[in-house]
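Have the 3D view open as you read.

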Amino acid sequence: MIRSLLVANRGEIVRRVFRTCRELGVSTVAVHSDADADAPHVREADTAVRLPGDAPADTYLRGDLLVRAARSAGADAVHPGYGFLSENAAFAAAVTEAGLVWIGPPPAAIEAMASKTRAKELMAGAGVPLLAPVEPAQATEADLPLLVKAAAGGGGRGMRVVTELAALEEELKAAAAEAASAFGDGEVFVEPYVVGGRHVEVQILADAHGTVWTLGTRDCSLQRRHQKVIEEAPAPGLSDELRTTLHQAAEQAARAIAYRGAGTVEFLVSADGRAYFLEMNTRLQVEHPVTEAVHGLDLVALQLRIAEGRPLDAEPPRPHGHAVEARLYAEDPAAGWQPQTGTLHRLELPEGVRLDSGVTDGDTIGVHYDPMLAKVIAWAPSRDEAVRKLAGALERARIHGPVTNRDLLVRSLRHPEFTDPAALDTGFYDRNLPALTKAADTGADIFALAAALADAHGRSRFGGFRNVPSGPQVKTYACAGTGTTAGTGAGSGTGTAYEIRYRLGRDGLSAEDFPGVRLLALGPDEVVLEVDGLRRPFAVVRYGDRVHVDAPPAPGGSATAPASYAFTALSRFPDPTARTEPGSLLAPMPGTVVRIAEGLTEGDRVEEGRPLLWLEAMKMEHKITAPAAGTLTALPVRTGQQVEVGALLAVVAETTETTETAETAEAAETAEAAETAEAG
């Protein structure tokens with residue numbers, strides 16, 4: 001019997017495992033880096049062990065330190081969570097060699113699936129359907145499009161889609177470099193890229209007594225950068241024949257490697273309904289809650305049960321209803337999915353949905369780890385009801401802090417292509433991202449008015465309607481986002497300044513640009529307005545110079561209109577020195593310069609869009625490109641250098657046609673003058 005369990009991980013999955021441990025009476029042990037010293041998973045543990053340092057390579061990826069931590073804390077079992085060392089056969093072996101119980105499959109099973117190339121060879125022998133690999137040197141135009149994939153790891157790292165044969169060699173190099181950086185293994189391979197394919201997977205559980213459960217299917221087709229964003233169970237729109245094929249193939253895969261514990265077999269399903277094995281994840285998946293909701297199970301409890309040697313029932317429970325999960329990230333979808341950092345002041349979801357989160361109010365979102373804040377899961381008797389429930393919960397959530405993908409999730413869930421299962425495929429965001437991140441067709445001005453009125457109440461001496469400033473008032477706010485996007489993102493209006501002119505007197509509110517708007521109630525954190533005859537309450541919260549305004553969805557309003565905005569109050573006299581040199585490329589987030597374009601030096605001519613360097617932050621690589629054609633006049637960074645947000649990465653002096661024409665004319669005049677002088 002397991003009495004004390006160490007989770008060799010951080011964040012949301014640790015809290016998830018601890019929740020089951022508390023229900024089972026198992027004591028808990030956390031590990032933490034210095035950056036995570038006050039993280040929720042540490043605060044909730046019965047015991048915690050420090051791993052000195054911040055970087056994953058020095059902490060959560062040090063198997064020797066993790067085993068030592070388990071033994072020093074008196075744990076008798078280790079759960080790896082997901083990510084980090086969860087699929088590392090050497091770590092699993094080290095745990096068992098230390099006399100500890102490993103909550104996962106045997107090391108040999110992990111090793112068998114560790115390399116996608118070797119895994120596919122094994123699956124071919126077991127009769128599992130596969131895509132035939134493509135030899136890069138022999139690829140032809142007829143083979144396009146192609147997919148370059150890293151043999152090790154996952155999460156979309158080391159993966160490239162190739163649509164032009166001339167680009168294959170360069171993409172192979174780039175994928176290998178990223179894979180080597182992320183996984184310590186630069187092996188890559190090439191296979192056909194299935195256009196219009198769906199990502200469908202099967203959850204399996206296997207015990208040591210010969211029983212293998214296939215717990216239905218999940219669809220994980222909505223992905224950004226080959227990383228999942230929205231998942232659901234069961235996968236909709238599959239024929240009974242295809243479901244049977246997937247279940248049988250998953251069971252064959254598990255039995256072929258004598259699997260034990262929880263795992264997931266992933267498939268690509270083509271538009272014509274054929275299934276191809278992708279890989280097997282020898283661990284618990286991020287999206288496991290949707291399977292739990294549909295089958296009424298606790299997969300973590302079953303993992304522990306299997307690790308203790310106890311058998312599964314002969315048959316799993318039958319599925320019921322539908323569940324959908326959305327991953328809430330601190331990122332900006334409209335700006336290349338850039339991760340965001342800062343203080344998460346508030347994360348509050350309405351009742352009726354499940355929230356699995358690695359953070360709580362007041363936590364700092366840093367640069368060292370994945371930007372996922374939480375998973376939000378909704379269950380209902382039907383798919384339509386579950387999707388509506390999840391979209392409504394996200395829309396009504398209060399998320400105060402860094403920019404997130406919240407509104408993108410809401411729009412995705414309500415998009416016609418998502419609501420129609422026949423239209424689902426992995427190209428959803430490739431086709432629809434511009435529309436999904438387009439500024440809303442209703443502005444943020446009414447939210448800015450609410451912010452200004454609440455601010456007026458706060459500046460009054462005694463508070464209350466009759467004590468606010470009564471003369472003409474002017475307040476200017478820059479929209480800082482919607483809790484979903486910055487830049488030109490969904491409904492953010494970021495960069496737009498809203499100058500609010502209003503007067504409050506005994507006869508009520510008079511505001512320019514808001515004819516007919518009446519003030520019904522005013523307080524420091526709530527403003528109630530009557531807009532077009534409809535009563536609308538606005539909740540207003542301040543954090544330093546940032547103001548967050550939330551409201552229920554506007555009755556009869558646009559489906560794309562956000563119900564939350566963040567503003568920064570602007571001075572009417574901005575600092576004229578707050579400028580940067582034209583053409584400056586600044587770091588969009590703290591990170592590490594992992595690559596500089598080969599041969600690139602100061603003085604080089606560069607074309608618009610040319611990659612200059614790559615910045616890694618929060619487990620993702622971000623390409624920094626030339627904003628325009630011109631000359632690279634500064635490149636002050638080097639490979640391996642840590643940079644802070646706003647740090648100067650490069651300067652490209654733009655060369656315009658007008659400038660070139662003027663320079664040419666000047667040169668011609670000079671030459672003509674010289675010829676005249678010589679003739680004279």
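## Two crossing helices

In this predicted model, helix α1 (residues 12-24) and helix α10 (residues 299-307) have axes that come within 9 Å and cross at roughly 65°. Angles of 65 to 115 degrees count as roughly perpendicular, and α1 and α10 are therefore roughly perpendicular to each other. The crossing of α1 past α10 is right-handed.

Which residues meet where α1 and α10 touch? On the α1 side they are Arg-16, Val-17, Thr-20 and Leu-24, and their counterparts in α10 are Leu-299, Val-300, Ala-301 and Leu-304. Sorted by class, this contact of α1 with α10 has six nonpolar residues, one polar and one charged.

## The open sheet

Now for the strands. An open sheet is built from eight of them, with antiparallel pairing, and the order reads β13-β12-β9-β10-β11-β14-β21-β19. The edges belong to β13 (275-281) and β19 (354-357); each has a single partner strand, so one side of each is left without a neighbour in the sheet. On average, and ignoring direction, neighbouring strands of this sheet are turned by 25° against each other.

## A closer look at one pair, and a helix on the sheet

Strands β9 (residues 198-206) and β12 (residues 261-269) run antiparallel and are joined by nine bridges. In this pair, Glu-201 of β9 stands opposite Glu-266 in β12.

Helix α14 (residues 428-436) packs on the sheet, where it touches β10 (212-224) and β11 (227-233). The direction of α14 makes about 45° with that of β10.

Terms used. Residues are numbered from 1 along each chain as its sequence is written. This is a predicted model: local features need pLDDT of at least 70, side-chain atom pairs count only at pLDDT 80 or more; totals for chains, interfaces and linings use all residues. Side-chain values use heavy atoms; hydrogens and water are left out. Two strands pair if DSSP finds at least two bridges between them. Helices (H or I, at least four residues) and strands (E, at least two) are DSSP runs, numbered from the N terminus. Axes are lines fitted to C-alpha atoms, for helices over the stretch in contact, and angles run from 0 to 180 degrees between N-to-C directions. Contact means heavy atoms within 4.5 Å. Angles under 35 degrees count as roughly parallel, over 145 as roughly antiparallel, 65 to 115 as roughly perpendicular and the rest as oblique. A crossing is left-handed if the near helix is turned anticlockwise from the far one by less than a right angle, and right-handed if clockwise. Ala, Val, Leu, Ile, Met, Phe, Trp, Tyr, Cys and Pro count as nonpolar, Asp, Glu, Lys and Arg as charged, and the others, Gly among them, as polar.
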